[in-house]
2 protein chains.
Amino acid sequence: MVIEKPLRAVDELLLSATESSVPLLAQTSAHILSAGGKRLRPRLVLLSHAAAGGTNVDDVIPLAAAVEIVHTATLVHDDINDDGTLRRGRETINSRWGATFALLTGDFLFAKTYEIMAPYSRELNQILARASRELVEGETLQIKAAKDGKIDQTTYLEIISKKTASLFMACAELGATAAQASPAWIDALRNYAFNLGLAFQIIDDVLDLVADSGQLGKNAGVDMAQGRGISVITDRSDAGGAAVAQPAPMTIKQDTAPGPFKEGLLQGHSIEKAIQKGYETAAEFAHQALESLSVLPESAALDELRALARIVIERDH
Amino acid sequence: MVIEKPLRAVDELLLSATESSVPLLAQTSAHILSAGGKRLRPRLVLLSHAAAGGTNVDDVIPLAAAVEIVHTATLVHDDINDDGTLRRGRETINSRWGATFALLTGDFLFAKTYEIMAPYSRELNQILARASRELVEGETLQIKAAKDGKIDQTTYLEIISKKTASLFMACAELGATAAQASPAWIDALRNYAFNLGLAFQIIDDVLDLVADSGQLGKNAGVDMAQGRGISVITDRSDAGGAAVAQPAPMTIKQDTAPGPFKEGLLQGHSIEKAIQKGYETAAEFAHQALESLSVLPESAALDELRALARIVIERDH
């Protein structure tokens, strides 16, 4: 893998970023940042940088760490709002240390992200600042729509664009901009990452329906219980199945409480059909992501970006 | 007042900073940002800039807005942790919209701060990034120490240094740096603001004991109930009373529940003595703040910085 070494450097930086004069914050931050995770966003930064011909990889490692930290901050705060007990295979911070310290840990991680980014150019900071704001807007939109019981297809796509795809896009933009790529290449990588983010989130919502908690490393069924998630896209009539393989069949967890909004969301469709449509729509976005890459020259990094689009669709956790 | 016009521009910018594609976030942000408040931190940025000879005031207005927004973000999150119901004379966001949307509003305001700051130099961003991290560390330290029942004088000073004085210091540093002041002038304004911040927080903790909620515009007695606050400095034997007038006597709110840590904190002293010592210590820090200004040339802005040090000590809300 072309980015194996820089990814290890990102992991080391993530751990040193947990340093604090307040032992509790060092402890809670290390608890969540050392728990692993897919490191998908740092990969996107590093691969976009490499695919755009960047060679200054040492400059890009802190950027890759910063996007992982801001993502982790949102997870820590989401777990408070969801009363989540399991994250990345570990007890959540709110479950172990209480909601107050979880709130402060999320704030601490936001501040750490800012501190890592501050020495970089205004261009790079503007990319991550906008994405950070959109993350919060997407999460708010989701919770508000779920409370109101009104998640239609348009709202669902707006939510996942903001809460997931915008940070994916920022990752590609950070990597490509740091590589001083041409506007056309930056645009291609942005489009790739935005579509990848949409596909990723749809699959995430599908997995939330079908996987059990042990497989996911987080609480399954939460999204559905809260009236959000994949089932809203079952009314998407224009979703053509793109040529991306579907994963092996999985057991559908019909026993995870679907919550009060289930009927409105499924809109007459079965959970099975919602899942099938989810895979089809995600495959379509993954296909668009792959197409965006066509302007870039062949490279090992480009191959890995292509592989990533397939992995995102075919993953089972 | 030399900064009257730029302060109005800051207020306008604060309102436009609440813009969001998510109506709920626009609403909650406007609720807290339009509620007024002392705007002490924006004043510090603008006055430091002017006292250091800065003339590019238009460049400094967004900096002044940014520090107010990050401060407000911490208030919104503090109110969740404290179950506060009143802030700046209005119902708190957690009280009116619930803890989840209050959490997201605080995150949104952090992101907005970052977005406003991103176009500025790395030097200015590093100043605010460090202060933001210290704000969170100070708040965490305070809650942890209160929970453990261990707030001694050293811990109290570390807490107020981080949670209050560090942002005050950053305000002065931002203003003076944007004015391209000499290192000696920047240092003088930093020292002024840091000491002012310590004095301000001590008086805040005294007022929390003596004022009623209507006067403060927030819940009085909360700090004391949670085992933090001014009473810990009653063992400060070296506190000499500096030449700053004490305010008129106020009724001591002995009926606000002092919480389980009261005895340990008062360390044998009465609340009256804790208050008296609090004023003396705050006066001492205010005196140090005033002394720091001696290297700066006389100006209307310098006069206002001096006046601020007196107002901080003599305020009753």
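1. The crossing of H1(A) and H3(A) is right-handed; a crossing has this hand if the near helix is turned clockwise from the far one by less than a right angle, and is left-handed if anticlockwise. Helices here are DSSP runs of H or I with at least four residues, strands are runs of E with at least two, and both are numbered from the N terminus. The model is predicted: local features need pLDDT of at least 70 and side-chain atom pairs count only at pLDDT 80 or more, while totals for chains, interfaces and linings use all residues. Residues are numbered from 1 along each chain as its sequence is written, and chains are lettered from A and ligands numbered from 1 in the order in which they are written.

2. Helix H1 (residues 4–16) of chain A packs against helix H3 (residues 40–51) of chain A at an angle of about 135°, and their axes are 10 Å apart. H1(A) is therefore oblique to H3(A) (angles under 35 degrees count as roughly parallel, over 145 as roughly antiparallel, 65 to 115 as roughly perpendicular, and the rest as oblique). Axes are lines fitted to C-alpha atoms, for helices over the stretch in contact, and angles run from 0 to 180 degrees between N-to-C directions.

3. Pro6(A), Leu7(A) and Val10(A) of H1(A) meet Pro42(A), Arg43(A) and Leu46(A) of H3(A). By class, this contact has 5 nonpolar, no polar and 1 charged residues. Two residues are in contact if their C-beta atoms, placed from the backbone, lie within 7 Å.

4. Chain B can be laid on chain A with an RMSD of 0.0 Å by a turn of 180° and a shift of 0.0 Å along the axis, which is the relation of a two-fold axis. The superposition is by least squares on the C-alpha atoms of residues with pLDDT of at least 70 in both copies.

5. Between the chains, 34 residues of chain B are in contact with 34 residues of chain A. On the side of chain B that touches chain A, H7(B) gives the most, with 14 residues. The copies meet through the same surface, because 100% of the interface residues of chain B are also interface residues in chain A.

6. Thr92(B) lies in the loop between strand E2 (90–91) and helix H5 (93–97) of chain B. The C-alpha atoms of Thr92(B) and His31(B), 61 residues apart along the chain, are separated by 8.8 Å.

Definitions and conventions. Ala, Val, Leu, Ile, Met, Phe, Trp, Tyr, Cys and Pro count as nonpolar, Asp, Glu, Lys and Arg as charged, and the others, Gly among them, as polar.
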